[in-house]
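Q: Can you walk me through this one? I have the picture open and would like to know how to read it.
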Amino acid sequence: MIGSIPDINETAPDFSVLTESGAEFNLNRELTAGNHVLLVFYRGHW
Amino acid sequence: MAEIKSQFETISDYQTTICAISVDSQEQSHALNRDLELPFQLLCDTGKKTTNLYQLLNPHEHGGIAYPGIFLIKKDGVIGYRSLDRTAQRVNLSEILEYLKELAQNPDHQMKSTSSKGLIIPSVGSWLQIGKNMVMRGSLADWKHYILYPLFLARYLLGIAKRPDDKK
């Protein structure tokens, strides 16, 4: 399973999700704005 | 999370947007942000679509939550750095800061290797955290899972041991 996680030098899969305040976040839109993105997956309230 | 918060300004100076994503609802994320006063946004992958897309969904815990993982996605959309750790309680940011520093000086800078680990033996701290999570936050289903596992394992092993006798 670990081999199929997006790796270094691969294009990051685009996604759209809602922020906690209800706004839409789109990865490619953020990148197009000229910023790198540090994407942190965390376990959540567990 | 606290460590990322402490380095927020340094990371932002490198033209980097920080996004922390989990399968938590907006209400849960909002509560976390209220407690920790995070200076960056929390993303709510309630449908688990993005966690699945990045192959980080752990279906065995609490109905499916994310394995910890961190990606630095360069502005051209290419992943420049990633760190995966199935037991990490906190992320070591020094490597990321070092990478961002190199990237600022040389946009073509590449990491030599991925930080993915094949086999991870949890540290003492991780075991303590796992125990704490079980005691403080474990649901009935989790308790059954942990208590019954040795019984199932014993039954399985006994089953293997008995097989030659059955043939007699």
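Q: Before anything else, what makes two strands count as paired?
A: Two strands pair if DSSP finds at least two bridges between them. Keep in mind that this is a predicted model.

Q: OK. Which residue stands opposite A20(B) in β2(B)?
A: L42(B) stands opposite A20(B). β1(B) and β2(B) run parallel and are joined by 4 bridges.

Q: How does the chain get from β1(B) to β2(B)?
A: The chain crosses through α3(B) on the way, and this β-α-β crossover is right-handed.

Q: How many residues does each chain put into the contact?
A: Chain B gives 58 residues and chain A gives 35 residues. On the side of chain B that touches chain A, several elements supply at least two residues each, among them β1 (16-22), α3 (26-36), β2 (41-44) and α6 (124-137). β1(B) has the largest share of that side, with 7 residues.

Q: What sort of residues are on that side of chain B?
A: They divide into 30 nonpolar, 21 polar and 7 charged.

Q: Switching topic. How many residues are in the largest nonpolar core?
A: The largest nonpolar core has 35 residues, and V40(A) and C19(B) have the most contacts inside it. Elements of both chains supply at least two residues each, including α1 (27-32) and β3 of chain A and α5 (94-105) of chain B. β3(A) gives the most to this core, with 5 residues.

Q: Back to C19(B). What is C19(B) in contact with?
A: Leaving aside neighbours within four places in sequence, C19(B) is in contact with F25(A), V37(A), L39(A) and V40(A) in chain A, and with F40(B), Q41(B) and L43(B) in chain B.

Q: Now chain B by itself. How many helices and strands are there in chain B?
A: Chain B has 7 helices and 6 strands. Along the sequence the pattern is α-α-β-α-β-α-β-β-β-β-α-α-α. Chain B has 168 residues, and 24% of them count as buried.

Q: How much of the contact in chain B joins residues at least 24 apart?
A: Among contacts between residues at least 6 apart in sequence, 44% join residues at least 24 apart.

Q: Last topic: backbone angles. What is the phi of Q55(B)?
A: Q55(B) has a positive phi of about 60°, although Q55(B) is not a glycine. Q55(B) is found in the loop between α4 and β3 (57-58) of chain B.

Q: Why does Q55(B) count as partly exposed?
A: Q55(B) has 16 other C-beta atoms within 10 Å, and a residue is buried at 20 or more and exposed at 12 or fewer.

Q: Where does H62(B) lie?
A: H62(B) lies in the loop between β3 and β4 of chain B. Phi of H62(B) is also positive, near 50°, in a residue other than glycine. H62(B) counts as partly exposed, with 18 C-beta neighbours inside 10 Å.

Notes
Residues are numbered from 1 along each chain as its sequence is written. Chains are lettered from A and ligands numbered from 1 in the order in which they are written. This is a predicted model: local features need pLDDT of at least 70, side-chain atom pairs count only at pLDDT 80 or more; totals for chains, interfaces and linings use all residues. Two residues are in contact if their C-beta atoms, placed from the backbone, lie within 7 Å. Ala, Val, Leu, Ile, Met, Phe, Trp, Tyr, Cys and Pro count as nonpolar, Asp, Glu, Lys and Arg as charged, and the others, Gly among them, as polar. A nonpolar core is a set of buried Ala, Val, Leu, Ile, Met, Phe, Trp, Tyr and Cys residues joined through C-beta atoms within 7 Å. A crossover is right-handed if, with the strands pointing away from the viewer, the path from the first strand over the helix to the second runs clockwise.
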